[in-house]
Amino acid sequence: MLLHGVGQAPMAWEDVVVQLYGSRQLLTPWVPGLRPTEKRVVPLAEAGAVLDQQLMLEGLEQVDLCGLSYGAMVATRLAADFPGRVRRLVLIAGQVRPPRLLMRAQQTALRMVPASRLADAGVSKERLLEVLGAARDADLTDALPLVEAATLVLVGAKDKGNQPGAGRLADGIPSARLRVVQGAGHASTRRPRAAGRSAARVPRLRSAARGQRRPSGPPSGGEGLRDRGAAPPLKRMVRPTVS
């Protein structure tokens, strides 16, 4: 299951779907609260339960889960609230407690974007501003220790605003490892080969990551992916629907 970020629709994963489609099945739903036709913003605290209900209706007992930006926060919430539902977890450019300055900057930038431009991509400007306002007060600190899935945290080497959050995710989730995508900014889905390859290499055994400390501080050097911890490949994901 692939969860998009704010300002995106499920088709944001199109290049990654193409990259992975031949080897595993994929599900790309709307992130709860971001579908333009929804009547209200779904609080982050409720988003995990909404996805759990959707997976139950789909007949899926367990999934491998990947989220980008706000989608990564929702993925973390689902993995914490329903640990038996998530087998493996990939978090790209996620946050634990979004910096208020960063959130205000995003809201300011979004207000300058014409609503018609977002509508062409199937996204509601009004809804995005509401979600950003709600996410500003989010705090996943207490949820991190509840995540049982083997977890891979990804962040772009150029994504300075999300690197601290990625470090906190990797430090707070017991079975997490941190990887830096060299040359990438915030939209890691625009590098489908790197994102796809990383999403397919989450650690198989949770115990392999327990007790290992991850280096802190800004990333440096290297090309492609800097791997802070080896990880064997995944074998499968869930059935295909791109909506």
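**Close-up views of a predicted model**

**View 1. Thr151 in strand β5.** Thr151 is found in strand β5, which spans residues 150-156, where strands (E, at least two residues) and helices (H or I, at least four residues) are DSSP runs numbered from the N terminus. The model is a predicted one, in which local features need pLDDT of at least 70 and side-chain atom pairs count only at pLDDT 80 or more, whereas totals for chains, interfaces and linings use all residues. Residues are numbered from 1 along each chain as its sequence is written, and side-chain values use heavy atoms, with hydrogens and water left out. Thr151 counts as buried at 0% relative accessibility, buried meaning under 20% relative accessible area, exposed over 50%, and partly exposed in between (1.4 Å probe, protein chains only). Between Thr151 and Asp64 there are 87 residues of separation in sequence, while their C-alpha atoms lie 9.9 Å apart in space.

View 2. In strand β4 (residues 86-92), six of the seven residues are buried, so the strand is largely enclosed by the rest of the structure. β3 and β4 run parallel and are joined by six bridges, pairing being assigned if DSSP finds at least two bridges between two strands; Asp64 stands opposite Arg88 in β4. From β3 the chain crosses through α3 to β4 in a right-handed β-α-β crossover, that is, one whose path from the first strand over the helix to the second runs clockwise with the strands pointing away from the viewer. β4 also pairs with β5 in the parallel sense, over five bridges, and Val153 in β5 is the bridge partner of Leu91.

**View 3. Thr76 in helix α3.** Thr76 lies in helix α3 and is buried, with a relative accessible area of 0%. Leaving aside neighbours within four places in sequence, Thr76 is in contact (heavy atoms within 4.5 Å) with Leu91, Leu140, Leu144, Val147 and Leu169.

View 4. Helix α2 comprises residues 44-58, and its 15 residues reach 22 Å from first C-alpha to last, close to the 21 Å expected at 1.5 Å times one less than the number of residues. Its buried residues are Leu44, Ala47, Gly48, Leu51, Asp52 and Leu55. They cover an arc of only 135 degrees around the axis, which puts them on the same side of α2, the arc being that of the directions from the helix axis to the C-beta atoms. The face turned away from this buried side carries the exposed residues Ala45 and Leu57. What covers the buried residues of α2 includes β1 (2-3), β2 (27-28), β3 (63-68) and α3 (70-81).
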